[in-house]
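I opened the model to look up salt bridges, ring pairs, strands and a few helices. My entries follow in the order in which I checked them.

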Amino acid sequence: MKKIFKSFMTAFSIPDLRKKFLFTFLMLVVFRLVAHIPISGVDLASLKNLFARNQFLTLLDIFSGGTLANFSIMALGLNPYINASIIFQLLTMIFPALEELSKEGEYGRQRLDQYTRFLTVPLCFIQSFGMYALLRNQKIVTTFSPLSLVSMMLTMTAGTMFLVWLGELVTERGIGNGVSLLIFAGIVGRIPVSLGQTAVVLESTQTFNTLVFLLMSVGVIAGVVFVNEGAREIRVSYAKRIRGTRMYGGASTHLPLRINQAGVIPIIFAVSLILLPSMVGRFFEQVKNPAISRFALFLVTLFDPSSWFYNLSYFLLVVGFTYFYTAIVFDPQKIAEEIKKYGGFVPGIRPGKPTAEYLSKILNRITLPGAIFLGFIAILPALARQLTGMDTMLIGGTGILIVVSVVLETVKQLEAQLIMRSYDGFLKK
């Protein structure tokens with residue numbers, strides 16, 4: 001800890017890094033200030049009650065950086081931008097033109113970022129209209145005129161694009177990934193409120209339940225760090241080549257296959273599907289047709305967050321999406337071709353197709369524990385309620401996963417900045 005603090009002070013003493021720190025801090029302050037500017041025409045007291053009953057909105061609030069619960073002008077947060085990024089990641093694997101564009105270095109990355117921003121705008125309008133319809137159905141919106149609808153949609157769209165602009169500024173002129181840091185700031189900003197709620201609950205529970213809660217909290221944080229950093233290193237050797245009087249190659253390196261290649265994306269996919277039936281059921285619950293209302297009530301009961309069917313389905317969806325997204329972001333065939341192209345080979349494995357099959361076999365094996373862990377993180381709140389009887393947690397498993405991932409990513413980027421300036425990095429052992 002002392003070495004980390006010393007390295008931090010060393011980084012802060014460098015003029016250009018100090019400017020990056022201060023700029024990042026300033027942008028986070030602006031974000032937290034704007035997050036408290038509310039949209040007119042919304043009953044905030046009824047909105048808080050709705051959030052207390054709906055886990056889907058709670059998860060969206062996590063990714064919005066805490067702006068949705070306050071229904072500020074940035075109520076949608078970064079959700080449309082994240083969805084647009086995921087869509088383009090999938091499209092890159094389908095359309096060869098986008099795949100070639102992604103390989104064109106900085107130019108290709110800027111074009112894809114521009115396309116992502118273009119797609120974010122219509123997604124903002126769609127999600128803002130859906131949010132308006134949901135709040136109107138729950139009688140939380142107090143104004144119902146077409147002008148108020150257009151005004152609310154434009155306000156939320158502008159708020160999201162302003163948030164995207166802040167994130168890009170932090171990425172360009174600050175430390176770390178701007179979008180991730182904004183989400184991180186929103187989660188951390190909710191800790192004092194969650195801590196107070198958890199402390200009240202702990203006072204009224206038995207000592208055993210309190211001990212179980214504390215052990216689970218420590219265990220989850222340690223598990224997230226271990227799984228997020230865990231990787232299987234595949235040794236790759238390169239053949240020696242002689243050019244003139246010089247010899248090149250002959251070195252060996254390692255190809256890291258991470259246990260959690262997909263990050264938090266499978267949870268986003270899974271929670272969107274698992275909570276959709278209950279939301280549809282609640283929407284049609286007030287229909288006068290008896291058959292439709294009974295079916296809607298059946299959906300709401302079957303997919304209740306406290307039921308075993310809901311949690312089992314949620315767990316299986318997370319595991320399935322983990323394998324699906326890992327297959328998208330890591331292509332063993334391309335990796336094997338790149339290794340062969342530069343004269344490399346895995347010892348004991350022939351280059352080309354056998355190497356691709358070997359990498360695919362190893363990846364399938366190590367993805368299983370990562371997928372099971374993500375599934376456990378997803379249903380952690382339900383497990384905590386069953387074991388401790390508490391309805392509140394300091395921070396959910398998904399939030400912990402995001403916080404730890406952002407911290408590790410930022411520390412690594414700062415370490416790279418220090419290494420470039422011949423300073424010791426944070427993670428040096």
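Is E168 buried, partly exposed or exposed? I found E168 partly exposed, with a relative accessible area of 27%. The cut-offs I used are under 20% relative accessible area for buried, over 50% for exposed and partly exposed in between, with a 1.4 Å probe and protein chains only.

A note on the source: this is a predicted model, in which local features need pLDDT of at least 70, side-chain atom pairs count only at pLDDT 80 or more, and totals for chains, interfaces and linings use all residues. Residues are numbered from 1 along each chain as its sequence is written, and side-chain values use heavy atoms, with hydrogens and water left out.

**Entry: salt bridges**

I searched the whole structure for salt bridges (a side-chain nitrogen of Lys or Arg within 4 Å of a carboxyl oxygen of Asp or Glu). The search gave 2. Side chains of opposite charge can pair when their charged atoms come close.

I noted E168 with R117, where the closest N and O atoms are 2.6 Å apart. This pair links distant parts of the chain, since R117 is in helix 8 and E168 in helix 9, 51 residues apart. Helices here are DSSP runs of H or I with at least four residues, strands are runs of E with at least two, and both are numbered from the N terminus. R117 is partly exposed at a relative accessible area of 26%.

I then noted R109 with D113, whose side chains meet at 2.9 Å, N to O. R109 and D113 are separated by about one helical turn, because they are 4 residues apart in helix 8 (residues 105-137). R109 is partly exposed with a relative accessible area of 41%, and D113 is also partly exposed, at 23% relative accessibility.

**Entry: aromatic pairs**

I looked for pairs among the rings of Phe, Tyr and Trp (its six-membered ring), with centres within 6.5 Å; planes under 30 degrees apart count as stacked, over 60 as edge-to-face and the rest as tilted. I got 5 aromatic pairs in the structure. F162 and W165 have ring centres 5.9 Å apart and planes at 40°, so I logged the pair as tilted. F162 and W165 are 3 residues apart in helix 9 (residues 146-173), which means a separation of about one helical turn. F162 is partly exposed, at a relative accessible area of 28%, and W165 is partly exposed at 47%.

The rings of Y310 and Y314 have centres 5.9 Å apart and planes at 55°, so this pair is tilted. Both residues lie in helix 16 (residues 308-329), 4 residues apart, about one turn of the helix. Y310 is buried at 1% relative accessibility, and Y314 is buried at 5%.

Which strands form the open sheet, and in what order? I read 3 strands in the order 4-1-5, with antiparallel pairing. Strand 4 (252-258) and strand 5 (344-345) stand at the edges with a single partner strand each, so one side of each has no neighbour in the sheet. Two strands pair if DSSP finds at least two bridges between them.

I listed 7 bridges joining strand 1 to strand 4, which run antiparallel; among them, A231 has R258 of strand 4 as its bridge partner. Strand 1 (residues 231-238) pairs with strand 5 in the antiparallel sense over 2 bridges. In strand 5, F345 is the bridge partner of S237, and G344 is the bridge partner of Y238.

**Entry: helix 6 and a contact**

Helix 6 (residues 79-94) has 16 residues and reaches 23 Å from its first C-alpha to its last, close to the expected 22 Å at 1.5 Å a residue. The expected span is 1.5 Å times one less than the number of residues. Its buried residues include Y81, I82, I86 and F88.

I also checked I267, which lies in helix 13 (residues 265-274). I267 is buried at 0% relative accessibility. I267 and A378 are 111 residues apart in sequence and 6.6 Å apart in space, C-alpha to C-alpha.
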